[in-house]
Amino acid sequence: MDGVVDKGTNNYSQTLSIGHASPSKLPWRSLGQYKYRILEDGSQTQYRLCIIESLIPPHSSGPVFHFHEMHDEGFYITKGKVRFHSPGRPHLDAGPGSLVTIPIRLPHKFSNPFDEEAIFINTITPGFFVRYFEYLEEMIGEGTTLTPEVNIAALKRFATVPLTDEMIKQFEEVYDAMK
């Protein structure tokens, strides 16, 4: 750039601002037995990134097995432990300070089989998947349990493939054959 900012970049930069979220000022929203709050809805990043904080109560099975066609996920655990599962692979228990990444098309789910609630920060790129959480909230309402059927219906709307038992078995067989 030779020390000169072009007019387009300068003008565009004037439309931007530094994003800031203070979780303590954001209320938890309900997804049945789960809680979440949106820290970045993608509006600050042109939907390249969204960030969600999630709370999973003890002894919760989490979402159904699925994989994403369009986005990667990151999970930074801040409280408790979260168990990550991928068909045919050993599960991974992640505690506070752990970062877990899930690439596009890796079948996965997470759960909290432990005695303490778990909280994690979830990054999603691109950030359009934030609408999944809002859609789920509309579907199940306050105080209702998030069922696998509702979870599957919502996932299908957001470039995500929920896995059937047969699909899980196929992934397990392929992984076992690679050992």
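**Exercise 1. Determine which residue forms a salt bridge with Arg29, and where the two partners lie.**

*Step 1.* A salt bridge is defined as a side-chain nitrogen of Lys or Arg within 4 Å of a carboxyl oxygen of Asp or Glu. Arg29 meets this condition with Glu137, their closest N and O atoms being 2.9 Å apart.

*Step 2.* The model is predicted: local features need pLDDT of at least 70, side-chain atom pairs count only at pLDDT 80 or more, and totals for chains, interfaces and linings use all residues. Residues are numbered from 1 along each chain as its sequence is written, and side-chain values use heavy atoms, with hydrogens and water left out.

*Step 3.* Arg29 belongs to strand S1 (residues 29–31) and Glu137 to helix H2, so the pair links distant parts of the chain, 108 residues apart. Helices (H or I, at least four residues) and strands (E, at least two) are DSSP runs, numbered from the N terminus.

*Step 4.* Arg29 has 29% relative accessibility and Glu137 has 22%. Both count as partly exposed, a class between buried (under 20% relative accessible area) and exposed (over 50%), computed with a 1.4 Å probe on protein chains only.

**Exercise 2. Identify the salt-bridge partner of Arg83 and state which strands the pair ties together.**

*Step 1.* The side chain of Arg83 meets that of Asp93, at 2.6 Å from N to O.

*Step 2.* Because Arg83 lies in strand S6 and Asp93 in strand S7, the pair ties together parts 10 residues apart in sequence.

*Step 3.* Asp93 is partly exposed, with a relative accessible area of 33%.

**Exercise 3. Describe the open sheet that contains S6.**

*Step 1.* Its three strands have the order S7-S6-S9, with antiparallel pairing; two strands pair if DSSP finds at least two bridges between them.

*Step 2.* S7 (92–94) and S9 (109–111) each have a single partner strand, so one side of each is left without a neighbour in the sheet.

*Step 3.* Strand S6 (residues 82–85) pairs with S9 over three bridges. Phe84 has Phe110, in S9, as its bridge partner.

**Exercise 4. State which residues lie nearest the centre of the largest cavity, and classify its lining.**

*Step 1.* Leu31, Pro63, Phe110, Tyr132 and Phe133 lie nearest the centre, among 23 lining residues.

*Step 2.* By class, the lining has 15 nonpolar, six polar and two charged residues. Ala, Val, Leu, Ile, Met, Phe, Trp, Tyr, Cys and Pro count as nonpolar, Asp, Glu, Lys and Arg as charged, and the others, Gly among them, as polar.

Methods: 1 Å grid on protein atoms, 1.4 Å probe; cavity = no way out; pocket = protein on both sides within 12 Å on 5 of 7 lines; lining within 4 Å.
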